[in-house]
Amino acid sequence: MAKRIYVGNLPFSATDDEIRQLFGEYGTVDTVNLITDRETGRPRGFGFVEMADGGDEAIEALNQQPMGGRNLTVNEARPRNERRW
């Protein structure tokens, strides 16, 4: 079963390919989704990675590791709450 991982405190210069390579050292990366601001298109400094395998190892190894002068926050993503309009 795929594991969805939250990655926070990313440097604003981080790319999908860099994140895919970083997490790929621990298993198979299915998707990388770096979140951007809707209006400006600028990175918001966090994203999500889905891994087919190796997710627990990646979380353990990468949490609080430096990237671009910032310490990453890496943990299992919580389910998204339904939006009520």
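Contact here means heavy atoms within 4.5 Å. In this predicted model, helix H1 lies across strands S1, S2, S3 and S6. Those strands build an open, antiparallel sheet.

- Strand S2 (29-36) and strand S6 (73-76) stand at the edges. Each has a single partner strand, so one side of each has no neighbour in the sheet.
- From one strand to the next, the twist averages 20°.
- Strands of a sheet pair through backbone hydrogen bonds, in a parallel or an antiparallel way.

**The S2 and S3 pair**
- S2 and S3 run antiparallel and are joined by 6 bridges.
- Within this pairing, Asn33 stands opposite Phe48 of S3.

**The helix**
- Helix H1 covers residues 16-24.
- Its direction is at about 140° to S2.
- Strand S1, one of the strands that H1 lies across, spans residues 3-8.

**Gly47**
- Gly47 has 0% relative accessibility. Buried means under 20%, so Gly47 counts as buried.
- Leaving aside residues up to four places away in sequence, Gly47 touches Ile5, Tyr6, Val7, Leu10, Asn33, Leu34 and Ile35.
- Thr28 is 19 residues from Gly47 along the chain. The C-alpha atoms of Thr28 and Gly47 are separated by 17 Å.

Definitions and conventions. Residues are numbered from 1 along each chain as its sequence is written. This is a predicted model: local features need pLDDT of at least 70, side-chain atom pairs count only at pLDDT 80 or more; totals for chains, interfaces and linings use all residues. Side-chain values use heavy atoms; hydrogens and water are left out. Buried means under 20% relative accessible area, exposed over 50%, partly exposed in between (1.4 Å probe, protein chains only). Two strands pair if DSSP finds at least two bridges between them. Helices (H or I, at least four residues) and strands (E, at least two) are DSSP runs, numbered from the N terminus. Axes are lines fitted to C-alpha atoms, for helices over the stretch in contact, and angles run from 0 to 180 degrees between N-to-C directions.
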